[in-house]
Amino acid sequence: MPNILVRDLPEVVHDQLVKRAAAAGQSLQQYLTTELTRVATTPTMAEVLARIAGREGGRVGLAQAVEDVIVERDGR
């Protein structure tokens, strides 16, 4: 399994990460593995927008979209 080495991490950042790991009942390594996995598997805004831009069809105007949301909310 690959390893990552982070150099010159500010001490205040390291201390905060250690506190968060302890609060989660994890070692720092476990905590960082979980957080880095979350970061790597969550699409960035640029990726989401690129996916949206690549879609075709189903286009409605802003006014229609707002009306649809209002109707949906009123139905709850």
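Predicted model: local features only at pLDDT ≥ 70, side-chain atom pairs only at ≥ 80, totals over all residues.
Figure 1. Along the chain, alanine 21 and tyrosine 31 are 10 residues apart, and their C-alpha atoms are separated by 5.3 Å.

Figure 2. Helix 4 covers residues 62-74 and includes alanine 63. With a relative accessible area of 62%, alanine 63 is exposed, since that class begins over 50%. A separation of 45 Å lies between the C-alpha atoms of alanine 63 and tyrosine 31, which are 32 residues apart along the chain. For the pair alanine 21 and tyrosine 31, the C-alpha separation is 5.3 Å.

**Figure 3. The salt bridge between glutamate 35 and arginine 38.** The model has a count of 1 salt bridge. Glutamate 35 and arginine 38 form a salt bridge through their side chains, with an N to O distance of 2.7 Å. Both residues belong to helix 2, where they are 3 residues apart, about one turn of the helix. Glutamate 35 has a relative accessible area of 24% and is therefore partly exposed. Arginine 38, at 45%, is also partly exposed. Partly exposed residues are those between the limits of under 20% for buried and over 50% for exposed.

**Figure 4. The largest pocket and its lining.** The volume of the largest pocket is about 620 Å³. Helix 1 and helix 2 (28-41) are the elements that each give two or more residues to its lining. In total, 14 residues line the largest pocket, and those nearest its centre are Ile4, Gln29, Leu32, Thr33 and Leu36. Helix 2 supplies the largest share of the lining, 6 residues. Sorted by class, the lining holds 9 nonpolar and 5 polar residues, with no charged residues.

**Figure 5. A nonpolar surface patch that includes Ile4 and Leu36.** Ile4, Val6, Leu9, Val12, Val13 and Leu36 make up a nonpolar surface patch of about 570 Å². Isoleucine 4 is located in the segment before helix 1 (11-23). Its relative accessibility is 69%, so isoleucine 4 counts as exposed. Two of the patch residues, Ile4 and Leu36, are also among the residues nearest the centre of the largest pocket.

**Figure 6. Backbone of aspartate 8 in the segment before helix 1.** Aspartate 8 is found in the segment that precedes helix 1. Its phi is near 60°, a positive value in a residue other than glycine. Aspartate 8 counts as exposed because its relative accessibility is 78%.

Note on methods. Residues numbered from 1 in each chain as written. Heavy atoms only, no water. Patch = residues over 30% accessible without salt bridge, like charges linked within 9 Å, V, L, I, M, F, W, Y side chains within 5 Å. Areas by Shrake-Rupley, 256 points an atom, 1.4 Å probe, with all protein chains shown as cover. Salt bridge = Lys/Arg side-chain N within 4 Å of Asp/Glu carboxyl O. Helix = DSSP H or I, 4+ residues; strand = E, 2+ residues; numbered from the N terminus. Buried < 20%, exposed > 50% of the residue type's maximum accessible area, 1.4 Å probe, protein only. 1 Å grid on protein atoms, 1.4 Å probe; cavity = no way out; pocket = protein on both sides within 12 Å on 5 of 7 lines; lining within 4 Å. Points joined across faces, edges and corners; volume = space filled by probe spheres on them. Nonpolar A, V, L, I, M, F, W, Y, C, P; charged D, E, K, R; others polar.
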